[in-house]
Amino acid sequence: MFKQLLNLFGLTTIEQANISVNPLDRNFDADDSSNSGRSSAYNRLRLVLMHDRTQLEPHVIEAMRDELVTVISKYIEIDKQDIELNLETDPETNQVALMASIPVKLKRDVVDTVKDAAAKELSELEKPAKSKAKSSKA
Amino acid sequence: MTVEKDLMDSTEKTPKKRSSKPKGRVIVVTSGKGGVGKTTTTANIGTGLARLGFKVVLVDTDIGLRNLDILMGLENRIVYNLIDVLEGRCRLQQALVKDKRLPNLTLLPAAQTRDKSALNEEHMVEICKQLREVADFVLLDCPAGIEQGFQTAIAAADEAIVVATPEMSSVRDADRVIGLLEAKNTIEDYRLVLNRVRPALVKMNDMMSTEDVLEILSIRLLGQIPEDKDIIISTNRGEPVVNIEESISGQAYRNVAKRIAGEDVPFLNLDEPDSWVDKLKALFKGSRKQA
């Protein structure tokens with residue numbers, strides 16, 4: 001804040017003269033819209049390079065995902081819909097890792113009762129909204 | 001190979017010192033993707049090093065598509081070329097074209113009427129072995145692509161300069177090249193020259209920043225060169241922009257040359273001065289974040 005105040009009046013601190021090289025700043029702010037040209041180029045490129053570097057095509061990862069599901073399901077009940085399998089790079093070591101997030105299902109009856117209750121609540125909330133939308137259209 | 005020891009002639013002034021002097025460094029300038037500024041970078045870094053007083057030889061290894069001669073403004077002075085040397089039509093010394101201004105800077109041009117198969121890796125190693133005896137720096141301008149022409153150019157190099165622009169396709173190709181350079185254990189070091197940086201676009205979050213590219217490629221930065229109309233103008237005049245004192249891209253290249261020579265030069269601030277509105281915006285943004 002102090003530095004920015006100085007800057008506002010055309011003054012710079014020594015420190016700032018060294019770090020204010022804008023193209024070298026690598027933090028697109030959290031409030032920066034994620035569909036900016038800069039961040040989408042950055043994110044798309046990371047993904048492309050991970051496939052390039054591992055020489056894994058996206059469809060190979062899909063196949064691997066399916067096989068993993070089959071194997072793991074033999075031992076534990078998992079939520080097949082919400083499995084995430086991604087290649088990620090550690091920015092510091094540049095080591096590529098295969099990251100899997102595999103949600104494990106709780107005992108079926110517990111999950112189902114919770115789910116049912118949630119679904120009921122949702123449908124009750126949505127109903128009036130939907131009918132309203134319809135009536136306004138007509 | 002009849003290149004023999006012709007080049008020894010050029011060091012006749014100090015024949016005794018030569019044996020104690022460390023041999024010159026062979027640096028290949030490469031990018032994978034074409035059109036990102038390899039040849040411009042070679043011409044400017046080479047000229048920049050020569051301006052610092054080093055003996056520099058620029059070698060155009062892009063057989064059949066030579067362009068380094070044009071960027072140096074030497075296209076009318078070429079008599080012999082690299083292939084003529086290899087095939088015994090002239091001595092290496094005869095093929096070296098002297099720069100217009102700097103007596104310690106020479107160009108070894110590529111053959112324009114031949115194809116890449118005329119030059120192989122052993123040829124390259126042999127030529128560079130002789131050039132590094134007489135020069136402090138041998139800069140090799142590599143052809144685009146990662147096929148044989150690239151493999152030939154990197155065969156003799158100790159170091160590499162990877163040139164890229166902050167665009168997805170260029171960075172992706174640079175990543176491939178870096179992988180190939182890493183696999184080559186004769187290459188001791190490589191660094192990135194990021195070309196055509198547009199700070200205004202980075203500021204607007206419309207373009208990847210230098211730091212974004214460095215992080216993605218996990219490579220060290222040798223220099224960032226701003227997009228600059230001076231480069232077009234000077235190229236048309238046959239004069240590397242590094243010779244134009246008041247040019248910002250010229251300054252960036254002069255800094256790169258110093259870094260290669262071992263000097264610790266801070267990276268250029270490419271920012272245009274902030275307008276009042278920008279400063280106000282930044283002020284509000286900053287205070288919001290702290291809150």
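Colleague: Helices here are DSSP runs of H or I with at least four residues, numbered from the N terminus. With that settled, where does A:Q55 lie?

Modeller: In this predicted model, A:Q55 lies in the loop between α3 and α4 of chain A, where α4 covers residues 58-73.

Colleague: Is A:Q55 buried or exposed there?

Modeller: A:Q55 counts as exposed, because its relative accessibility is 66% and the cut-off for exposed is over 50%.

Colleague: And what is its phi?

Modeller: The phi of A:Q55 is positive, at about 55 degrees, although the residue is not a glycine. For background, most residues other than glycine have a negative phi. Another case is B:R196, which has a positive phi near 55 degrees and is likewise not a glycine.

Colleague: Where is B:R196 found, then?

Modeller: B:R196 is found in strand β7 of chain B, and with a relative accessible area of 34% it is partly exposed.

Colleague: Switching to the whole of chain B, how many helices and strands does it have?

Modeller: Chain B has 12 helices and 8 strands. Of its 291 residues, 55% are buried, and the chain exposes about 13,100 Å², with carbon and sulfur atoms supplying 50% of that area. If you take the contacts in chain B with a separation of 6 or more, 75% of them are between residues 24 or more positions apart.

Colleague: Pick one helix for me: which residues of α7(B) are buried?

Modeller: The buried residues of α7(B) are B:S170, B:V171, B:A174, B:D175, B:V177, B:I178 and B:L181. As a general point, an α-helix has 3.6 residues a turn, so residues three or four places apart point the same way.

Colleague: What do those buried residues pack against?

Modeller: In chain B, the buried residues of α7(B) pack against β1, α6, β6, β7 and α9, and in chain A they pack against α3, which is residues 37-54.

Colleague: How do α7 and α9 of chain B cross?

Modeller: The axes of α7 (residues 168-183) and α9 (residues 210-217) of chain B come within 10 Å and cross at roughly 35 degrees, and the crossing is right-handed. From α7(B), the contact is made by B:V171, B:A174, B:D175 and B:I178, while α9(B) brings B:V213, B:I216 and B:L217. By class, that contact has 6 nonpolar residues, 1 charged residue and no polar ones.

Colleague: Why does the length of α7(B) agree with what it should span?

Modeller: At 1.5 Å a residue, its 16 residues should span 22 Å, and the end C-alpha atoms are 23 Å apart, so the two values agree.

Colleague: Now the loops: where in chain B is B:A111, and which residues is it in contact with?

Modeller: B:A111 lies in the loop between β4 (105-108) and α5 (121-134) of chain B, and it is buried, with a relative accessible area of 2%. Leaving aside neighbours within four places in sequence, B:A111 is in contact with B:I63, B:G64, B:R66, B:N81 and B:I83. B:N81 is 30 residues away from B:A111 along the chain, yet their C-alpha atoms are separated by 5.6 Å.

Colleague: Last one, B:D158: why does it count as buried?

Modeller: B:D158 counts as buried because its relative accessibility is 14%, and buried means under 20%. It is found in the loop between α6 and β6 of chain B. Beyond its neighbours within four places in sequence, B:D158 is in contact with several residues, including B:G24, B:R25, B:R132 and B:T186.

Notes: Residues are numbered from 1 along each chain as its sequence is written. Chains are lettered from A and ligands numbered from 1 in the order in which they are written. This is a predicted model: local features need pLDDT of at least 70, side-chain atom pairs count only at pLDDT 80 or more; totals for chains, interfaces and linings use all residues. Side-chain values use heavy atoms; hydrogens and water are left out. Helices (H or I, at least four residues) and strands (E, at least two) are DSSP runs, numbered from the N terminus. Buried means under 20% relative accessible area, exposed over 50%, partly exposed in between (1.4 Å probe, protein chains only). Contact means heavy atoms within 4.5 Å. Accessible areas come from the Shrake-Rupley method with a 1.4 Å probe; for residues, only the protein chains shown count as cover. Axes are lines fitted to C-alpha atoms, for helices over the stretch in contact, and angles run from 0 to 180 degrees between N-to-C directions. A crossing is left-handed if the near helix is turned anticlockwise from the far one by less than a right angle, and right-handed if clockwise. Ala, Val, Leu, Ile, Met, Phe, Trp, Tyr, Cys and Pro count as nonpolar, Asp, Glu, Lys and Arg as charged, and the others, Gly among them, as polar. The expected span of a helix is 1.5 Å times one less than its number of residues.
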